[in-house]
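I opened a notebook page for this chain. The entries below record what I looked up, in the order I looked.

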Amino acid sequence: MYNILMRIGVVLNILDEEYQISVYKGIVQKAKELGVELVCFQQENSHITEDEPIARFPHKDYFDLDGIILITSVITGNAEFISKEDVERVWGKLPVISVGQKIQGVPSVLIETEDSMKQLVEHLILNHKYRKFLFISGAEDHPDAEVREHIFTKTMEAYRPWFSDLEYSLKRGYFTEVAAIRAMTEYMNETKKVPDVVVCANDNMAIGVYKYFKINCNDSDIKECAVTGFDDIPQARFEIPSLTTVHQPLNEIGAKSLELMKDLVGGKSVPEEVFIESRVVYRKSCGCKGSKDDFASDEAQFRAMQANYVQSETLLRMVSHIGQDLNYGETFGALKYVVRQNLNQLGLNNFCICRFSSEKSKGAHAKNIPVDPLFVRRSGNECYEFDREMKMPLGQFYRRFYEIDPLTKPSMILKFLYAGNESIGCIFYEADENVLPYLSSIAINIAHGLNRITIAEERRKHSEYLEREVNERTKELVEANNRRMEVEAEILKISELERQRFSNDLHDDICQRLAGISMLCRSYSNQEEPVEKSQMVELAQLIGETLQTTRQYAHNSYPVELESLGMNHSLSNLCDSFMAQSGIKCDYEWGVRDDVKFDKTQKLNIFRIIQEALHNVLKHSKAHNVEVSVFTEGRKTVVRVIDDGVGFVNDKGGKEKGLGLNSMEYRANQIGASFVIKSNKPRGTCVQLSINNKFLGDKNEK
């Protein structure tokens, strides 16, 4: 046991097939022996590009990693990922060990397979005398697929001069069972004849060929033939017939990679290439009767296969039930309940679900991405302290997860959860190797459930927000409507008051004057002596005064000179008339720039506001002096009416605004002006109106 403690990241494909699981198992076993902490990152097959070199790989600072073990099968189309510089684009100077593929300048653990592949092909040609071959290769541009295909074709070409009837065909299978079934279907459609032997570039595709024959067992033209594989995964031994293959010591590869990483992190020099030999394992699928290398008898093999089948069926049913339950859940509580009910059956003592926060701005793999821990189970116990609303960076959550039980150090596996191309969360877990393939399916179901519930939650919040907005808007509209009705009522009162005041003025003044003139005329008509000149002068004077008063009332009703003589002249006349009628000294000042333009509505409302303000001075202020000023200030016209009377008591003192004040405020709103009335220092009242100017040179002037 080494006394050094380190944290190593393992980057590989999804743990749903034997090659990945077997290599990872070897790493885990060696990690327990060395006291190394592991964090395994499952990735989809990724193409490294210059524009996005770390799109689907863990950031070097994710969990304070000391090194990275890269299982290179995670990379497809990896022509741009062949050197140390390519690795440093992703992880900087962090130590990296490559497993399965040579990366120039990076320590690599490789398997010597050329001799074994050649030996297998020679065995099929010479020992079994097969002459018609089908080779199903792996993914295009995959180094292992290229090497195995090259050795196969090279060996076949070497023996063709000796055997004239030797022939072969090539099909691509992409290392999966489904792809192998498709390759067999294409081959049979083209040739209409079963080959003597199908040589596959890995065991998964060989098992796919087995399934092709089982699917087409009722077709009399399709007969089973010899099949070989490559890798020697555990399932290869349980197939019927057992699979002839090339044994790659996958556990040993994983263990060796961790040993090299330990030395590399410790500052020791390690070789750039470490080769591990492979060997051919002859079993029944190639036509042999089996060999001493078979690990058990037929009976023991059958029992192992039966146990494996029963366990597989049980786990498949469990995955199906979990998927159905997750599909019905509508809340995060329901999702957690489903997970909680099934963890014990899966043997998962350490399991976490984290949702990526919508606040992320740099993609799902940024170091400081905030996560919401939705479910946390550590050492068999659910950690409820994470249930309350909390957000933290992913790395910080991982450290807190370990601090819950520092005495145990599980090898945790991380799987990102996707909704389309968007990463919406992740799960952490530690599981037995037989459960690992099924957790990939469970992760997909969790991702779908998490995405559906998140969308439902967002819709619910949005609906609540809209409902609040509607309620607020409705309340505002009701208040606005009430204010409008109040204003309309005030306007009606003001109009009625104006009519009443105008009627009273006509009755009390004009009508009385006319009645006096009428009485005087009757009196003159009834006297016997002729009307004297002085009497006619008196009558003419009364008629003139009445005419002047009538004109003043007409002017007050609508100042026609606003249009003919302009606002300055009209306001000057208004102030002179006020001073003559009231006896209150009124100083008037006009300081408006010549290029300021007022429309008809503005002129009339400014005039009426000043008129009402002077009326209030006369009626309420007990003032001796009043100042009326209209001037330009910046891009505004400011109107002030200031008196030295008793002052103004606003509505904060409990008194409501009178009709006159409401009338002025209403008129100001009509022309978009601000209106203020306040006490003036040291005494008196100031009425102020501010209105935005329109200049003659403005572009918006018509």
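**Entry 1: terms and source.** I count two strands as paired if DSSP finds at least two bridges between them. Helices (H or I, at least four residues) and strands (E, at least two) are DSSP runs, numbered from the N terminus. The model is predicted, so local features need pLDDT of at least 70 and side-chain atom pairs count only at pLDDT 80 or more, while totals for chains, interfaces and linings use all residues. Residues are numbered from 1 along each chain as its sequence is written, and side-chain values use heavy atoms, with hydrogens and water left out.

**Entry 2: a four-strand sheet.** I looked up an open sheet of four strands and found the order S7-S6-S8-S9, with parallel pairing. S7 and strand S9 (226–228) are its edge strands, as each pairs on one side only. From one strand to the next the twist averages 20°. For such angles, axes are lines fitted to C-alpha atoms, for helices over the stretch in contact, and angles run from 0 to 180 degrees between N-to-C directions.

Strand S6 (residues 132–137) pairs with strand S7 (residues 167–172) in the parallel sense, over six bridges. Between S6 and S7 the chain passes through helix H4 (residues 143–159), and this β-α-β crossover is right-handed. Right-handed means that, with the strands pointing away from the viewer, the path from the first strand over the helix to the second runs clockwise. Lys132 has Glu167 of S7 opposite it, and Leu134 has Ser169 of S7 as its bridge partner.

Next I checked what lies across these strands. Helix H5 (residues 177–191) lies across S6, S7 and strand S8 (197–200), and runs at about 135° to S7.

Entry 3: Strand S3 (residues 67–71) and S4 pair in the parallel sense over four bridges, and Ile69 stands opposite Ile97 in S4. S4 also pairs in the parallel sense with strand S5 (residues 108–112), over two bridges. There, Ser98 has Ser108 in S5 as its bridge partner.

Which way do the residues of strand S4 (residues 96–99) point? Val96 and Ser98 point one way and Ile97 and Val99 the other, and all are buried. Buried means under 20% relative accessible area, exposed over 50%, and partly exposed in between (1.4 Å probe, protein chains only).

**Entry 4: cores.** A nonpolar core is a set of buried Ala, Val, Leu, Ile, Met, Phe, Trp, Tyr and Cys residues joined through side-chain atoms within 4.5 Å. Which residues touch the most other members of the largest nonpolar core? They are Ile69 and Phe351, in a core of 62 residues. Helix H12 (residues 436–526) gives the largest share of this core, nine residues. A second, separate core has 49 residues, including Val121, Ile151, Ala201 and Phe213.

I listed contacts (heavy atoms within 4.5 Å) for Phe351. Not counting residues up to four places away in sequence, Phe351 touches residues including Val339, Leu343, Phe375, Ile427, Tyr429 and Ile446.

**Entry 5: cysteines.** I noted in general that a disulfide is a covalent bond between the sulfur atoms of two cysteines. The search used pairs of cysteine sulfur atoms within 2.5 Å, and over the whole structure it found zero disulfides. Cys225 counts as buried, at 17% relative accessibility, whereas Cys217 is exposed, at 52%.

**Entry 6: two single residues.** Pro373 is in strand S14 (residues 370–378) and counts as buried because its relative accessibility is 5%. Beyond four places in sequence, Pro373 touches Ile353, Cys354, Phe386, Met390 and Phe397. Its C-alpha atom is 9.7 Å from that of Cys426, 53 residues apart along the chain.

Thr685 is in strand S24 (residues 685–692) and is buried, with a relative accessible area of 10%. Leaving aside neighbours within four places, the contacts of Thr685 include Val641, Asp643, Phe648, Ile677 and Asn680.

**Entry 7: whole chain.** I ended with totals. The chain has 17 helices and 25 strands, and buried residues make up 46% of its 702 residues. Among contacts between residues at least 6 apart in sequence, 70% join residues at least 24 apart.
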